[in-house]
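Dear colleague,

I am passing on the structure that we spoke about, and below it you will find my notes. Please read them with the structure open beside you.

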Amino acid sequence: MSVLVINSGSSSIKYKLVDTETETAIAHGLVEQIGGPNGRIVHHFAGENTELKTPIPDHEVGLRRILELFDEVGPDLQRSHVRAVGHRVVQGGRYFSSAALVDDEVLELIAELIPLGPLHNPANLKGIQVAMELLDVPHVAVFDTAFFHSLPNEAAIYPLNREVAEKYQIRRYGAHGTSHQFVSRKVAELMGRDDLRQIVLHLGNGASASAVVNGRAIDTSMGLTPLEGLMMGTRTGDIDPAVVFHLVREAGMTIDEIDNLFNKESGMKGLSGDSDMRPVWDRADAGDKNALEAIDVYVHRVVSYIGAYTAQMGGLDVLTFTAGIGERDIPMRQLICERLAPFGVRLDYAANQVKPKEPCVISLPESSVRVMVVPTNEELEIAKQAIELVQNKLHGNEELPELGTPEN
C-alpha cells in the first residue's frame with residue numbers, strides 16, 4: 001500500500017509517494033514558483049530526475065502537472081496502490097489532537113484556524129481542496145501541532161490575562177510535531193523502552209526542542225507560532241516582547257516591518273549575515289567575530305533548553321539530534337555535547353564524525369545520557385498516520401479503496 005503525501009505551501013507543493021509497508025519513498029518532487037511566470041517542477045523516480053519549466057498559475061495547475069508526470073514518467077499511481085492522500089497542515093489549534101479524515105467540517109475548522117497560522121493554513125487548505133477534486137481516495141490531514149495537543153497546562157498556558165488569552169486562543173501550540181513524534185517513537189523502538197525521558201532537538205533552518213516522557217510531549221520550545229524558542233536560521237527565537245514596543249516608539253517601525261525583521265532577517269542570518277551554517281562555519285574558522293559570536297549564542301540557547309527540560313523531567317535518558325543541522329553539522333553537535341559534560345554526557349568523538357542515513361549513537365558507553373542522531377522522516381510519519389486512520393476508521397479489516405475506484 002502507498003500514500004501520496006502533499007505539503008502545499010503558498011507558492012510551492014512538495015510531494016512524496018510513500019510505500020507504507022517498506023517505509024520507503026517510491027517517488028518525490030517539488031513544484032516551485034506557483035503564481036509566477038517561471039514555474040518549475042522537479043520529479044524524482046527510479047534514480048532519474050525530470051525537470052519541467054512552465055508557468056504554473058495556481059495550485060490546481062501545479063497538482064495537475066504532478067499527476068501528468070506520474071502518468072508520463074512514473075510510477076503509475078493506480079499500480080502503486082495509492083490508498084490515501086496525506087496532507088501536512090501546520091496549525092490544528094485546540095481542535096485536533098491527532099490526524100483527521102478530511103470532510104466538510106474538518107475543512108471549515110482548518111479555515112477557522114487561519115488567524116493562528118496565517119502563513120501556512122491557507123496554502124495547506126488550498127492544497128487539500130484541489131487534491132480532493134483530482135484524487136478520488138480518502139484524504140487525511142496531519143497536523144504539526146497535534147503531538148503537542150496534550151501538553152500539560154503548566155507548559156501550554158501563557159501568563160497572559162486569562163480572558164484575552166481564551167478569547168483569542170493564545171497558548172503554546174508548538175510546531176514540527178510530526179518530526180518530534182517520529183523521532184521520539186523511533187528512539188523508543190530502538191531502545192526497546194517506553195519509559196524514556198527524551199529531549200529531541202529538531203535543528204534546521206527552523207529549530208525546535210521537545211521534552212518527551214513515556215512517549216508523550218510535556219513541553220516544546222515553539223509557542224503560539226514557530227517564532228518562539230530556539231535561535232533559528234532567520235527567526236529570533238525567544239526575545240523580550242518589549243522589543244516590539246521599543247521598535248515602534250523609537251524606530252517608527254510598523255507591525256509588518258517588525259514581523260518581517262523577527263521572522264526573516266534575524267536569527268543566524270541577522271547575527272552572522274547568513275542563515276546557512278556552512279558559510280557561517282567557514283567564516284568562523286577564518287576568525288570572523290560575528291560568525292563566532294552567532295555560534296556561541298546558538299549553542300547557549302540550545303543548552304539552556306536542555307537544562308530546563310532535564311529539570312522538568314527529573315532527569316534525561318536520551319538526547320537526540322535530528323533535521324538538517326542536527327543530522328549533518330558535526331561541530332555543532334560537538335559544541336552542544338561538550339557543554340553538557342556536567343550532566344554526565346560523554347561524546348564519542350569518532351562516532352560523531354557522521355552524517356548518518358540511519359539512526360546511530362554518538363555517546364560513549366559510560367555516558368549517563370545516550371546521545372543519538374536520528375534522521376527525521378516527516379513524510380513517512382504523515383503516510384503512516386494517514387493509512388492507519390483510513391484502515392481503523394473507514395474500513396476496519398475490509399479492502400481499502402484504491403485510486404480510481406471511489407467508494408460507494
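**What was found**

Val-164 is partly exposed, with a relative accessible area of 37%, where partly exposed means between the two cut-offs of buried (under 20% relative accessible area) and exposed (over 50%), with a 1.4 Å probe and protein chains only. This is a predicted model, in which local features need pLDDT of at least 70 and side-chain atom pairs count only at pLDDT 80 or more, while totals for chains, interfaces and linings use all residues. Residues are numbered from 1 along each chain as its sequence is written, and side-chain values use heavy atoms, leaving out hydrogens and water.

Val-164 lies in helix H5 (residues 162-167); here helices (H or I, at least four residues) and strands (E, at least two) are DSSP runs, numbered from the N terminus. Another valine, Val-243, is found in helix H7 (residues 242-250) and is partly exposed, at 26% relative accessible area. The C-alpha atoms of Val-243 and Glu-48 are separated by 50 Å, and these residues are 195 apart along the chain.

**Helix H6**

Helix H6 covers residues 177-191, and its 15 residues reach 21 Å from the first C-alpha to the last, close to the 21 Å expected, which is 1.5 Å times one less than the number of residues. Among the buried residues of H6 are Gly-177, Thr-178, Ser-179 and Val-183. After the helix comes Gly-192, whose phi is positive, near 65°.

Which residue is 4.6 Å from Gly-177, C-alpha to C-alpha, although 33 residues apart in sequence? That residue is Asp-144, in the loop between strand E8 (139-143) and helix H4 (153-156). Asp-144 is buried, with a relative accessible area of 1%. Leaving aside residues up to four places away in sequence, Asp-144 touches several residues, including Val-89, His-176, Gly-177 and Thr-178, where contact means heavy atoms within 4.5 Å. The side chain of Asp-144 also makes a polar contact with the side chain of Arg-88 (2.6 Å); a polar contact is a pair of N or O atoms within 3.5 Å, one able to donate a hydrogen and the other to accept it within protein, and residues adjacent in sequence count only if both atoms are side-chain atoms.

Thr-322, found in strand E12 (residues 318-322), counts as buried because its relative accessibility is 0%.
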